Every structure is written in C-alpha cells, then in structure tokens.
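Hello,

Here is the structure I promised to pass on. Please open it alongside this email, and then read the notes below.

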Amino acid sequence: MDASNVFKKVVTDSGMRMADISRAIGYNENYVNSKVKRSNVPRVDTLALVSDVCGFDLLVRHRKTGDETIIDPPKREQS
C-alpha cells in the first residue's frame, strides 16, 4: 500500500474527525481533509505523527529477518 493510502486508512480507521486530527498535530482544521482529498504523499514524520494521534504505530520491517523498528513521531509541543 502506498503512503497516501496508508495515510487515508489511518485517518479513516481511527474513527476520529479529520478536523480533530488536524488540530491535534498543530495544523488548521482543514489540513488532514486536504491531504486525504488530494492523495498527497505525506512526509514520513507527518505520517508518523498522524499515526500516533490516531492510535497507530508506523514501522519498518526487514523483509528477511522480520525485525521491526517503530518510527517515532516528532515531539509535539504541549499546549
């Protein structure tokens, strides 16, 4: 699955409103909706951040060994 579809799946499967996700990551309320509608490919740090807010981990898995590493989201400022 490509990154733009992973982004859409994370947002959809979270059950959260797109405006709430946008605000939680520090953007205006239309940010996530715009990304989903345009099928933009998000940066890895943005995908990790949205995944974290939505209750998912973003990880990479080694094809041969199966070893997995979680990609930590960037630190968010506490309001």
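**Salt bridges**

Lys9 and Asp13 join their side chains in a salt bridge, with 2.6 Å from N to O. Keep in mind that this is a predicted model. Both residues sit in helix α1, and because they are 4 residues apart there, about one helical turn separates them. Lys9 is partly exposed, because its relative accessibility is 43%. Asp13 is also partly exposed, with a relative accessible area of 43%.

How many salt bridges does the structure hold? The count is 5. In general, side chains of opposite charge can pair when their charged atoms come close.

Next, look at Arg23. Its salt-bridge partner is Glu29, and the closest N and O atoms are 2.9 Å apart. Arg23 has a relative accessible area of 41%, so it is partly exposed. Glu29 has 44%, so it is partly exposed too.

Then there is Arg43. This residue forms a salt bridge with Asp45, and the closest N and O atoms lie 2.5 Å apart. Arg43 counts as exposed, because its relative accessibility is 58%. Asp45 is partly exposed, at a relative accessible area of 31%. The cut-off for exposed is over 50%, so Arg43 and Asp45 fall into separate classes.

**The aromatic pair**

The structure holds 1 aromatic pair. Tyr27 and Tyr31 make up this pair, and their rings are stacked. The centres are 4.0 Å apart, with 10° between the planes. The planes count as stacked because the angle is under 30 degrees.

Are the two tyrosines buried or exposed? Tyr27 is partly exposed, because its relative accessibility is 40%. Tyr31 is buried, because its value is 17% and the cut-off for buried is under 20%.

**The second largest pocket**

This pocket holds about 160 Å³ of space. Which element gives the most? That is β1, with 3 residues.

The lining consists of Ala3, Val6, Val44, Leu47, Leu58, Leu59, Val60 and Ile71. By class, 8 of these residues are nonpolar. No polar and no charged residues take part in the lining.

**Val32**

Val32 lies in helix α3. Its relative accessibility is 0%, so Val32 counts as buried. How far apart are Val32 and Leu58? They are 26 residues apart in sequence. In space, the distance is 17 Å, C-alpha to C-alpha. Leu58 is also one of the residues in the pocket lining described above.

**Confidence in the model**

The protein averages a pLDDT of 91. A score of at least 70 is reached by 96% of the residues. Where is confidence lowest and where is it highest? Helix α3 (residues 31-38) has the lowest mean, at 90. Strand β2 (residues 68-71) has the highest, at 96. Val32, discussed above, belongs to helix α3.

Best wishes

Conventions. Residues numbered from 1 in each chain as written. Predicted model: local features only at pLDDT ≥ 70, side-chain atom pairs only at ≥ 80, totals over all residues. Heavy atoms only, no water. Phe/Tyr/Trp six-rings, centres within 6.5 Å; stacked < 30°, edge-to-face > 60°. Buried < 20%, exposed > 50% of the residue type's maximum accessible area, 1.4 Å probe, protein only. 1 Å grid on protein atoms, 1.4 Å probe; cavity = no way out; pocket = protein on both sides within 12 Å on 5 of 7 lines; lining within 4 Å. Points joined across faces, edges and corners; volume = space filled by probe spheres on them. Helix = DSSP H or I, 4+ residues; strand = E, 2+ residues; numbered from the N terminus. Nonpolar A, V, L, I, M, F, W, Y, C, P; charged D, E, K, R; others polar. pLDDT = per-residue confidence, 0-100. Salt bridge = Lys/Arg side-chain N within 4 Å of Asp/Glu carboxyl O.
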